[in-house]
Amino acid sequence: MSDIKKIKDEFLNKLSTDLNIESVIQIKSELFGKNGKISNFFKNLGSLPPEERKNFASDLNFVKDELQAKINKKIQEIEIREINSKLENEKVDVTLPERDIVRGKIHPVSQVIDEISSIFSEIGFSVEEGPDVENEHYNFTALNTPDNHPARDMHDTFYLDDKKELLLRTHTSPVQVRTMLKGKPPFKIIAPGRTYRSDSDQTHAPMFHQVEGLHIDKNINMGHLKGCLNYFIKSFFEVDKIKMRFRPSHFPFTEPSAEVDIGYEMKDGKIVIGEGDKWLEILGCGMVHPNVLKNVKINPDKYQGYAFGIGIDRLAMLKYGINDLRAFFETDYRWLNHFGFDPLDVPSNYRGLSR
Amino acid sequence: MKFTIGWLKEHLDTKFEDSQIIEKLTDVGLEVESFEKVISDLDNFKVAKIINAEQHPNADKLKVCDVDIGEKNTVKVVCGAPNAKKDLLTVYAGPGSVIPKNNMKLTVSKIRGVTSYGMLCSESELNLSDESDGIIELKSNKYSDKVGKNFFKNNTEKVIDLSITPNRPDCLGVRGVARDLAAAGVGKLKNTINTKIKNNGLQKIKVSIKKDKNQGCTIFGTCLIKDITNKESPKWLKDKIISLGQKPISAIVDITNYVMLDLNRPLHAYDADKIDKEIIIRNSEKGETFQALDNKDYKLDNDMCVISDKSGVLGLGGIIGGTRSGTELNTKNILLESAYFLPRSIRKTSKFLNIDTDAKFRFERGIDPQSVETGLKKAAQLITKICGGNVSKFDVQSIRKYKKNTIKFKIPLFEKIAGFKIKDKEVIKILIDLGFVVAKKKSELELTIPTWRPDITQPIDIVEEIVRIKGFNNIEILEPQKNRIKETLNKQQKLFHFLQRSAASKGYFETVTWSFTDSKINYLFKENYKEIKIVNPISTDLDVLRNSIFPNLAFYIKKNLDRGFKDISLFEIGPIFKDNKPGEQLTVIGGIKSGKISRLNWNEENRLVDVFDAKKDTIQTLLEAGYDRQNLFVREKSPSYYHPGKSGSVYLDKDDIDPVAFFGEIHPNIIKKLDIKTEALVGFEIYLDYLKDTKLKLKDSKSKFQFSDYQKSDRDFAFVVDKNFKAQDLTEIISSIDQNLIKSVKIFDVYEGENIPKDKKSIALNVTIQSSEKTLEDSDLEKINKLIISTVEIKTGAKIRS
């Protein structure tokens, strides 16, 4: 017993000194190697008288564990120390630039279309689309705007043939007609898309974007129209309160028709929506004209509803403080970078329109 | 439609303030565009203060003054007045002003080498007195706080400018506006039309309306007014005309204009002595010509409604008169016309000839056919009052009778549409105020529609009348119901939004460009598509619909490169057009990338963008959209605008005939032709329509999770193959040797050059071999090794590189 205690003390002492990894391994082999001191005790266990063997074996195991633990601890200590000393020499200047970041942008019009779709999705609208090239019938006649109607002059139309039958749609309203012709009521749709008018100055671009809305069912009245738009405008501008004014107006395809203004004020040169005593026109709407319903084979005595058309680019300008409409379509890399959105900022019902 | 409040009050008895009237106009649907004074020439004269007066360097008698005109900066004015001195308050006229005394228009000019912006005025120059010795000296107690303000008070009345919707021709006359306001409770409509007029003798010029096919004129009323003295209009009339921003011409012309603006009743006055015998209203014949009052010569087509005499065309009915029969200051006898022309005919003719006049605008929208005599009366009365003369009896020819239309209106329809209720009594009052004749039978009204309202034809029109007069603010807000009929987006729409954000996430900036483009650029990208011309393009360089997503991207990348940018990635997702028919369009996402990767990077090697960047963006986008890389297949075939050797097409399946995408470097000739200044330019395009319905829903796309924990082995091979041999084929051959064991094949080197024959190349691949059943023995591995080598050699004629 005293022998192993002696060995234990001797080696614990040794291991307490400052050692390198090689010395520790040397010690390990001195103790536990083939002819190691502890190993030899184990080998000789058999030769001990049985009454001593049990106790001695127990002591021996105890000493073995203690020494092994000490050795392992020592090795760990040394390794950590060695890594640490190595790290001293591995310093870099972390203020140097990171590797190149690739970061694309989503155009404000696309972002706003996604916002609009998300808001209307919440109240059960689905998205419909129609062709950019339309014929005269879908763009005008079916929408209660016959050829001799002066309202046609309000639309400066791009034509694609001399007979003026083929054209670029001047509004998204033909999607109403197409949707109602191919399905059965009720209808609850929005139709965002490109629209075209041969008009070009500071506030008009020959191409712009509209979103059409249409809700047809048995008892949809102007109160629903007001409610829907009130909900939309509040959600879109992310405000709790909105000042909204319906002004009677005229569109051939709705009756009664209205234009909708929202209240705003200027604060530090920026438009603040929802307050103030100034009015800004943002959309046109009305109850779908019975003639339009008849044109798409829907009985206007049975079904009725509302439609609206909103300028998407204008909404984007108001919400994001963009002054120049034409810049939307001029592909200035600096502008796209400035007003564009991160592709991960996907507007959705559950995470909201924006951060 | 412009008028003053004073004019409105000639028809409307009201105590409302101006601002209340303005608000009410908007509330009933007569949108007020503006309410302000007409800008007068005299507004250019401002109260000003001389801040500093120095001697002109080159002239003894001139001074150079710094003048405060109430703006941020002072202006420099050269002045010859002896009394011009520091702190003097005077009158300043800016460039563009017209000096009342001599009608001289001021410009910015150099006076002896010093630039002068406008002038300081004397009393004589402003016609205030004969005092011309010096500039005006204004009293400081009265004017010191008025610097920058107008010197002359603008005495004109404020003008209301309404934007009248095309359904409301009646409101193109002041009386119509007054009627709407009265109905909305603003006051009482005055009964202004004085019916008394002396008619002496017959109208002796014969008038006949020819019964031509599609005759555009149905009523033609006239009276002859003899022995008049045409002259300048009296002040009240001139003021009215001026307040609308128009120029007074002569009493006769001003009166016809006035009646038109007042009652929406266009009239025309002919010099009766210039009419050759009789008036014939007939269809024109192709080739007939006449000179109109706008001094232009018009060449007519067939079947336009013309007013003519024995010698030919006098004017286009309801659109514009001719110079041959025009009135002048010395006109003695006039024939006054008040007629009804059909909107369709007016519209057709004016569009064909491209003429826009006040009369045309009104007739096109629909004039009250029963206002023919009212118009003659009112104008004749004014003419005799101002110009004297004797009025003949009215002669009214007509080929069609205009009955008053009636309509049945069930009152409950109002609530059904508007969503709120108003009392029957109120409904009836509103309609009567608007001019309807109302007969009530239980809840149904029988309404006689006023003849000035051509827009009202059916019950919904009545609903609109009531709701707009009652006020839209009475409509309740009903919270939207959230029930859904259909999913928000269909598969194709989801794909659109997904690909859009997928491309942006790869560093591309999204752009939105016109759907049209320059035919010269489009030509480079149109391939076999038909060119689709726009008949009336906004400009000659936007004259066709785009056949490809690239023309605009190429155009705009050039613009940005010219701005000094180098490494640009742009994409657009939108329509391209195959033909000019609805539906003949495709939705395409196209990306374009220029310059270098890692330019000016401190720790990465820079390199030019190349075909494999475009390929990566294409393939990755497709993978993200849910397509399996294993199935995607690439061919060399690509459109001609790509570099012929560095581009390709992608197919969803090896057996597909139509590609879903193209990628590659842009053809150097195109870069040269468009003068795009870049070191490298690549692009890709994905056709969304060809990706239709190949995608599984997420819930269906996850197969059973299987994996192997047995030991993996990697083996490298290098095969020497023909130079044209496709790497894709090599990996496919190896992959298909044993799909259970061969987990992946990666090409890690392609080599041509030393030790390899000229027409050959070496492809080095790493093959991962793993079993899902056991740890592979050396012998198993050896077997598969040999199989790989022999299969490749047999199938491709390749040789393993030792």
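In the domain assignment, which is automatic or taken from a database, chain A holds domain 1 (2-87) and domain 2 (108-339). The centres of domain 1 of chain A and domain 2 of chain A, taken over C-alpha atoms, are 86 Å apart. The model is predicted, so local features need pLDDT of at least 70 and side-chain atom pairs count only at pLDDT 80 or more, while totals for chains, interfaces and linings use all residues. Residues are numbered from 1 along each chain as its sequence is written, and chains are lettered from A and ligands numbered from 1 in the order in which they are written.

Chain B contains 20 helices and 45 strands; helices (H or I, at least four residues) and strands (E, at least two) are DSSP runs, numbered from the N terminus. The radius of gyration of chain B, taken over C-alpha atoms, is 41 Å, well over the 28 Å that the globule rule (2.2 Å times the number of residues to the power 0.38) gives for 802 residues, so chain B is more spread out than a compact globule. Along the principal axes, the C-alpha atoms of chain B fill a box of roughly 125 × 90 × 60 Å. Of the 802 residues, 39% count as buried, that is, with 20 or more other C-beta atoms, placed from the backbone, within 10 Å of their own.

The contact between the chains takes 71 residues from chain A and 80 residues from chain B; two residues are in contact if their C-beta atoms, placed from the backbone, lie within 7 Å. Several elements of chain B each supply at least two residues to the side that touches chain A, among them helix H7 (343-353), helix H13 (491-504) and strand S34 (569-577). That side of chain B divides into 33 nonpolar, 25 polar and 22 charged residues.

Further along chain B, 4 strands form an open antiparallel sheet in the order S43-S44-S42-S45, where two strands pair if DSSP finds at least two bridges between them. Strand S43 (742-751) and strand S45 (799-800) of chain B are the edge strands, each pairing on one side only. Strand S42 (residues 713-722) of chain B pairs with S45(B) in the antiparallel sense over 2 bridges, and Val720(B) has Lys799(B) as its bridge partner in S45(B).

Two helices lie across strands of this sheet. Helix H20 (residues 778-796) of chain B lies across S42, S44 and S45, at about 15 degrees to S42(B). These angles run from 0 to 180 degrees between N-to-C directions, with axes fitted as lines to C-alpha atoms, for helices over the stretch in contact.

Notes. Ala, Val, Leu, Ile, Met, Phe, Trp, Tyr, Cys and Pro count as nonpolar, Asp, Glu, Lys and Arg as charged, and the others, Gly among them, as polar. A residue is buried if 20 or more other C-beta atoms lie within 10 Å of its own, exposed if 12 or fewer, and partly exposed in between; C-beta atoms are placed from the backbone.
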